[in-house]
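Please read the following briefing alongside the sequence and the model. It is grouped by topic.

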Amino acid sequence: MSEVRIAAEPRTEFGKGAARRARRAGKVPAVLYGHGTAPQHISLPGHELMLALKTPNVLLRIEGLNGGSELALPKDVQRDPIKGFLEHVDLLLVSRGEKVTVEIPVNVVGDVVAGGRVAQEVVQLAVEAEATHIPEAVEVDVTGLAVDTQVLAKDLKLPTGVSLATDEETLILQISDASVSTAPAAEAAAEEAEAEAAPAAASAE
């Protein structure tokens, strides 16, 4: 995976007011921690950071630090729940060759068999990988899989050097029969709820 270089500035003001001023200036407050070192409070350019975070588990080279540049992974990204802008980012220090546990997207590719339907149970999978070689995603090819086929975590083809960090028996997806509708089950549940409500209504009268 490629590195994204981003320039940091030391942050000396804290609190909501300081954070608002930083965001008005196009900066995002961040904390850089890990490897037993004291947390470093920094500000990062908002536009560059937003673009970088479009890549899952992006590897950032933070420049402008007192001790020189450092590699880091985003661990916690806080966004405004309404407007979606970046409010704060926690960054974890990493080094080349270091193993980290991250979640990567599970992407379904290929055409499902006629009469089948993909029921995906897991969209993010926990894996262990070298910090500088984290795959962007893992693909599941459903081409040719028969109806009722199940794909478990242990069936996934992970890149060299990447291992599962979750139960290998975890169900990732299954091929369901597209002709089987969930409507009857929903109707039965509604009828059962109506039957339970009837005695209560009668007693109220």
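**Briefing**

Asn-57 counts as buried at 15% relative accessibility, where buried means under 20% relative accessible area, exposed over 50% and partly exposed in between (1.4 Å probe, protein chains only). This is a predicted model, in which local features need pLDDT of at least 70, side-chain atom pairs count only at pLDDT 80 or more, and totals for chains, interfaces and linings use all residues. Residues are numbered from 1 along each chain as its sequence is written, and side-chain values use heavy atoms, with hydrogens and water left out.

**Confidence**
- The protein chain has an average pLDDT of 84, and 84% of the residues score at least 70; pLDDT is the predictor's confidence in each residue, from 0 to 100.
- Over residues 200-204 pLDDT stays under 50, and the model has zero contacts there beyond four places in sequence (contact means heavy atoms within 4.5 Å).

**Backbone**
- Asn-57 has a positive phi of about 55 degrees although it is not a glycine, and lies in the loop between α2 (46-52) and β5 (59-63); helices (H or I, at least four residues) and strands (E, at least two) are DSSP runs, numbered from the N terminus.
- His-35, also not a glycine, has a positive phi of about 60 degrees.
- The loop between β3 (27-34) and β4 holds His-35, which is partly exposed at 48%.

**Sheet**
- Seven strands make up an open sheet of mixed pairing, in the order β1-β5-β6-β7-β3-β4-β2; two strands pair if DSSP finds at least two bridges between them.
- β1 (3-7) and β2 (9-10) are at the edges with a single partner strand each, so one side of each has no neighbour in the sheet.
- β1 pairs with β5 in the parallel sense over five bridges, and Val-4 has Leu-60 in β5 as its bridge partner.
- Ser-43, in strand β4 (residues 37-45), is buried at 8% relative accessible area.
- Beyond its neighbours within four places in sequence, Ser-43 is in contact with residues including Ala-7, Glu-9 and Lys-27.

**Salt bridges**
- The structure holds five salt bridges, each a side-chain nitrogen of Lys or Arg within 4 Å of a carboxyl oxygen of Asp or Glu.
- In one of them, Arg-61 meets Glu-3, with the closest N and O atoms 2.9 Å apart.
- Arg-61 is in strand β5 and Glu-3 in strand β1, so the pair ties together parts 58 residues apart in sequence.
- Arg-61 is buried at 15%, whereas Glu-3 is partly exposed at 25%.
- The side chains of Glu-9 and Lys-27 form a salt bridge at 3.3 Å, N to O; Glu-9 is in strand β2 and Lys-27 in strand β3, 18 residues apart.
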